Amino acid sequence: MTIIDPFDVDVVVVGAGFTGLTIAHELFRSGVSFIVLEARDRVGGKTESAVDDRGRLVDTGGQFANDDMTEVLTLAAAAGAERVHAAHPGRAVTVPVGVEGDPWAEAKGLLDGLGAAEMADRRNVMRWVAGLDVRDPVRDAVRSALNGATCCDSRRIPVSSVAQWNERTPMTAPELQSWFRPTMHSLALHLAAPFTDRIRLDCPARAMHIHDESVDVVALDQVWHARQVVIAAPPSAYRSLFVTPPLPDDILDAAAAFEPGTVIKYLLGYDRPFWLDHGRNGIAQFLTPPGVYLADTSLPEAPTLVGFVGGPTAQEWLRHSPAQRRAAVLHHAATAFSHEALQPVSFLERIWATDEWGGGGYSNVPTTHAPDAVKTLVAGLPLVTFAGTELAARFPGYVEGAITAGRAAAAEVVRRLRSR
């Protein structure tokens, strides 16, 4: 007698970013049947690659890792990716020039000092810093650094959110310490390679029907009947999924605490690394406009500046034409380093603001005082697990966090399957 399994798969994984791919990898190793549904036409989430004007494959999304990010480094070693270090001695440039002291170091000290004692502080960061006895350039540096890091307006970021982020981000090495050849995105492709036949691209999940012992996930013209589902997507993406019965209020409220930011990434190629002249290290930090940052991401054969424009400044730039944005970022590079910046040999702009599935910043950020939001979403529902870099116990907002969250979610799903 043949017993017919009423389930299509044990687990439906919604999302093929690093979180979803890590979950799938762990399920694959455990012998659990699964399908990964990805709305985009590629895997990798907020990492992707493109060919620049010099014919080089470059990261147009997430790119950086450091010594603290052991999950990423382990994956890179397994993928055979070469780690490239940004090890230039010298000084960073502050724009506008002439500011006394180092406002960035002072701002970093203030922000890094937020921790367990500030978990209940509902004030936004700029209101908090306005009450401190610090110089105006330091307040400007706090604003610019946080706008750039969160891709949001620092006037909307609660002090408690920064405190929680610090508690979960044990950063001891420089944030932009290194990147990978060929690309960070190549690590996602490596992770997906063993089970590409179980990944459906261009297949957005639109509805989820939760029953007593099973979940139906509707994607395009197909319904997947599963024992468990994992939503490996940012909290802001939950609203695009029609769920019956509706998600509980505590889940909805926790998800609503998160919002996507706005970021534009630039890759500027040149004939020579002129930004290293005169004892500089290739980093330019802008007090104004806030949220603008430049750094050296060269390979020996390809001198390159990477630029980020985040938060309200990015929103303002999006009101201008591509030619105007190009002129603006080159102007800022020239202001920081040299008029040579006005003549790049390659230019690539990636606007993430219009990203339908993951939001417009590096990740979602909490813009509401909700210290228990992460805990609520990680707890999930009996048949539904929520996962994503925003919910990671370590390095939320980074690829490291996405992998960490994926491992935790996969372990929980396997535990639930075996307990039943």
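Reply: A helix axis here is a line fitted to C-alpha atoms over the stretch in contact, and angles run from 0 to 180 degrees between N-to-C directions. Two packed helices are described by the angle between their axes and the distance between the axes. The model is predicted.

In this model, the pair to look at is helix H1, residues 18-30, and helix H12, residues 399-419. Their axes come within 7 Å and cross at roughly 40°. Angles under 35 degrees count as roughly parallel, and 65 to 115 as roughly perpendicular; H1 and H12 are therefore oblique to each other. The crossing of H1 with H12 is right-handed.

From H1, the residues that take part in the contact are Phe18, Thr19, Thr22, Ile23, Glu26, Leu27 and Ser30. On the H12 side they meet Val399, Ala402, Ile403, Ala405, Gly406, Arg407, Ala409, Ala410, Val413, Val414 and Arg418. Sorted by type, the residues of this contact comprise eleven nonpolar, four polar and three charged.

H6 gives the most, with three residues. The lining of the largest cavity has six nonpolar residues, five polar and no charged.

The second largest cavity has about 40 Å³ of space. Met208, Ile231, Tyr238, Leu241, Val243, Leu247 and Phe386 line this cavity. Its lining counts seven nonpolar residues, with no polar and no charged.

Some backbone details remain. The peptide bond from threonine 244 to proline 245 is cis, with omega near -15°, and proline 245 sits in the loop between strand S12 (242-244) and helix H8 (249-256). Another cis peptide bond runs from threonine 288 to proline 289, with omega near -5°. Proline 289 belongs to the loop between strand S15 (280-286) and strand S16 (292-296). Cysteine 151 is a residue other than glycine with a positive phi, near 65°, and lies in the loop between helix H5 (136-150) and H6.

How values were computed. Residues numbered from 1 in each chain as written. Predicted model: local features only at pLDDT ≥ 70, side-chain atom pairs only at ≥ 80, totals over all residues. Heavy atoms only, no water. Helix = DSSP H or I, 4+ residues; strand = E, 2+ residues; numbered from the N terminus. Nonpolar A, V, L, I, M, F, W, Y, C, P; charged D, E, K, R; others polar. 1 Å grid on protein atoms, 1.4 Å probe; cavity = no way out; pocket = protein on both sides within 12 Å on 5 of 7 lines; lining within 4 Å. Points joined across faces, edges and corners; volume = space filled by probe spheres on them. Parallel < 35°, antiparallel > 145°, perpendicular 65-115°, else oblique. Left-handed = near helix turned anticlockwise from the far one by under 90°. Contact = heavy atoms within 4.5 Å.
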